[in-house]
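User: I have a model open and want to go through it. Can you start with a strand pairing?

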Amino acid sequence: MIKDTGAVDAASILFNLDDYRVLSVEASSTAGRTVVVEPISTEAGCPSCGVLSSRIQARPVHRVKDVACGGKDLQVWVRKRRLACLEDACKRRSFVQCTEQLPLRSRLTTRLVGEIVDAGMNELRAVTGIARATGVSWPTVMRKLTATEKTVGDVDGRHVRWLGVDEHRFRKVRYVLGTTGKVMRVEPWSIVFTDLETGTILDVVDGRRGPTGNAKSSVAVPE
Ligand SMILES: [Zn+2]
């Protein structure tokens with residue numbers, strides 16, 4: 001889904017990763033194409049105390065896996081921000097800014113995880129084929145599929161500190177077997193709830209006709 005992120009340069013619009021802007025793009029005959037992106041927002045809330053900070057301590061750069069973008073030879077690097085917590089009473093001295101597309105410590109974008117889960121649970125494709133098509137390892141595909149199967153429909157008792165809410169376009173209607181044994185129908189336009197600390201997909205609900213408010217309240221969010 002295309003959202004207005006405020007970015008106006010052509011590369012950011014083409015890359016279309018929510019909440020990120022493209023800093024640079026390079027192409028070489030040996031390494032292929034490389035893109036460097038950074039979060040658009042310059043401030044973020046401390047995950048422990050919630051106080052907003054924009055005081056930068058470091059700018060670590062990490063490589064992440066993403067969906068195909070104009071071919072398979074695209075390397076994606078993210079220039080993150082490690083921000084200092086400005087609250088004296090808070091025990092956390094610093095934290096890394098995270099977003100819905102790149103939860104904490106995640107090496108895969110949420111849109112790529114969505115593609116993997118979609119392929120594994122909807123199309124009944126072999127894990128090896130999904131791994132090849134998405135450019136990630138076989139164990140990573142299995143881990144994402146297993147984590148989603150375990151948690152979909154069983155989120156009531158889960159403690160979630162950072163909740164990500166993202167609209168995802170699945171290719172067609174799909175059916176997910178919840179841990180309670182009940183089969184749930186998932187509409188093509190769905191809202192995906194993600195635990196931003198682990199990258200685990202918690203729940204998938206109908207984004208067009210489903211009771212969105214009720215679905216949100218089914219995820220355990222601390223006061
Ligand atoms: Zn803090």
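Analyst: Glu26 stands opposite Thr34 in β2. This is a predicted model, where local features need pLDDT of at least 70, side-chain atom pairs count only at pLDDT 80 or more, and totals for chains, interfaces and linings use all residues. Residues are numbered from 1 along each chain as its sequence is written, and side-chain values use heavy atoms, with hydrogens and water left out.

User: How many bridges join β1 to β2?

Analyst: Eight, and the two strands run antiparallel. Strands are DSSP runs of E, at least two residues, numbered from the N terminus; two of them pair if DSSP finds at least two bridges between them.

User: What is the strand order of the open sheet?

Analyst: β1-β2-β7-β6, with mixed pairing. The edge strands are β1 (20-28) and β6 (61-64).

User: Switching to the metal. What coordinates the zinc ion?

Analyst: The SG atoms of Cys46, Cys49, Cys85 and Cys90, at 2.3 to 2.4 Å. Donors are N, O and S atoms within 2.8 Å of the metal (3.2 Å for Na, K and Ca); water is not among the atoms, so sites may look incomplete.

User: Why is the arrangement tetrahedral?

Analyst: Because the donor atoms subtend angles of 99 to 116 degrees, and four donors count as tetrahedral if all angles lie between 85 and 135 degrees.

User: Is Cys85 buried or exposed?

Analyst: Cys85 is buried, with a relative accessible area of 5%. Cys49 is partly exposed, at 32%. Buried means under 20% relative accessible area, exposed over 50%, partly exposed in between (1.4 Å probe, protein chains only).

Methods. Helix = DSSP H or I, 4+ residues; strand = E, 2+ residues; numbered from the N terminus. Tetrahedral: all angles 85-135°; square planar, octahedral: opposite > 155°, others 65-115°.
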